[in-house]
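Let's take a friendly walk through this structure together. We will begin at the ligand, move on to the helix pairs, and finish with some backbone details.

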Amino acid sequence: MGGEKAKNSSLREPFLNELSPVDSVAGLEELRVRYLGKKGLLTSELKSLGGLPPDERRAAGAVLNETKEFIEQALAQRKQELKDLELRRKLASESIDVTLPGSYVQPGRIHPLTQTLEEITDVFVSMGFSVEEGPEVELDYYNFEALNIPKEHPAREMQDTFYVSNDIVLRTHTSPVQIRVMQRKSPPLKFIAPGKVYRCDADISHTPMFHQIEGLMVGEDITFSHLKAVLESFLHRIFSPDVPVRFRPSYFPFTEPSAEVDIGCIFCKGTGCRTCKGSGWIEILGAGMVNPHVFEMVGYDPKKYSGFAFGMGIERIAMLKYSIDDIRLFYENDIRFLGQF
Ligand code: PHE
């Protein structure tokens, strides 16, 4: 009997040896099956009790049951330990210091040039103009030829052109959009065309890329008075209702007559300052009545139709509106600058 007892108890040793390296709940379950499962080591010993004489069976059974309980408890205890350990690990890795300052997400803003563009667009849309677009990499034909600026024309030198090839340029103005739209649509037309333009030029008031807005209105009986009324009410809404506006004779190959449009200096109210170079006036845009040659180029009958066109730089308007003295600030993406608008 003493021999039986020693044999049964001896399952504890190997069990404890096997238990000690187990570090997962799955490993524990494997161990449980190995000892207490249907074909487990302890189970088969329990089964073999039947072959013993009754008095030995009772003693041996008691020992086996004790061992079984011992194993069950040991497994349960280790399971709890593993769970605690995991929780502690998780807490350690997820610990947060609630006294640290939070991470601040700087909200974005609309770029001042985009704001200015949107404001200008709103004014023209409210007067019934639609919005058109054209390519920035443009054929020489649309940028110059069709606008009555043939090769060797001195007016080409007014704009320092980036050439991509002999007959492809980066558009130097938004005026080619006039041609593209007139080729596609018949009058009456009334649209603006904002976008990027390119000229080889750089200083505090010029960058190689800048933005323009073109305007075109074509129909029967469109006169210079319409041009004046549209531009005056535009300038009054963008600057102030009482800003003086003047039209000065000028020259563009694609308009005839042509004008440059000035507003009374908004800084010195016309008395003369550095910004207006003492003149009291600030040039703001170019404009004129569409040259009949341009209508012929797109197949419009110049006897039937007339129209006006205008073009302005968006940077220039934004600089005046917000008193910005260096155009390069728009492109440096310095949030100390951008955050002010
Ligand atoms: N395209 C001209 C420029 O860039 C501006 C302009 C447009 C003038 C339309 C008259 C009419 O200088």
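A polar contact here is a pair of N or O atoms within 3.5 Å; within protein, one of the two must be able to donate a hydrogen and the other to accept it, and residues adjacent in sequence count only if both atoms are side-chain atoms. With that in hand, look at H173: one of its polar side-chain atoms lies 3.0 Å from a nitrogen atom of the ligand. R199 places a polar side-chain atom 2.9 Å from an oxygen atom of the ligand, and a polar side-chain atom of Q212 likewise lies 2.9 Å from an oxygen atom of the ligand. There are 14 residues around the ligand, and those that come nearest are H173, S175, R199, Q212 and E214. To be counted as near a molecule or strand, a residue needs one of its heavy atoms within 4 Å of it.

Before going further, please keep in mind that this is a predicted model, in which local features need pLDDT of at least 70 and side-chain atom pairs count only at pLDDT 80 or more, while totals for chains, interfaces and linings use all residues. Residues are numbered from 1 along each chain as its sequence is written, and side-chain values use heavy atoms, with hydrogens and water left out.

Now to the helices. Two packed helices are described by the angle between their axes and the distance between the axes. Helices (H or I, at least four residues) and strands (E, at least two) are DSSP runs, numbered from the N terminus. Axes are lines fitted to C-alpha atoms, for helices over the stretch in contact, and angles run from 0 to 180 degrees between N-to-C directions. Angles under 35 degrees count as roughly parallel, over 145 as roughly antiparallel, 65 to 115 as roughly perpendicular and the rest as oblique.

On the α4 side, L42, E45 and L46 meet L64, N65, T67, K68 and I71 of α5, where contact means heavy atoms within 4.5 Å. The residues of this contact between α4 and α5 divide into 4 nonpolar, 2 polar and 2 charged. In this scheme Ala, Val, Leu, Ile, Met, Phe, Trp, Tyr, Cys and Pro count as nonpolar, Asp, Glu, Lys and Arg as charged, and the others, Gly among them, as polar.

Helix α3 (residues 25-36) also pairs with α5: their axes come within 10 Å and cross at roughly 175 degrees. That angle makes α3 roughly antiparallel to α5. From α3, the contact uses V25, L28, L31, R32, Y35 and L36, and from α5 it uses K68, I71, E72, L75, R78, K79 and L82. By class, the contact of α3 with α5 has 8 nonpolar, no polar and 5 charged residues.

For another pair, turn to helix α6 (residues 112-126) and helix α9 (residues 224-238), whose axes come within 10 Å and cross at roughly 135 degrees. That makes α6 oblique to α9. E119, I120, V123, F124 and S126 of α6 make the contact with V230, F234, R237 and I238 of α9.

Finally, the backbone. Most residues other than glycine have a negative phi, and most peptide bonds are trans. A cis peptide bond, with omega about 0 degrees, joins P187 and P188, and P188 lies in the loop between α8 (176-184) and β5 (189-198). Another cis peptide bond joins E256 and P257, with P257 placed in strand β8 (residues 255-264). N148, although not a glycine, has a positive phi of about 70 degrees and sits in the loop between α7 (140-143) and β3 (163-165).
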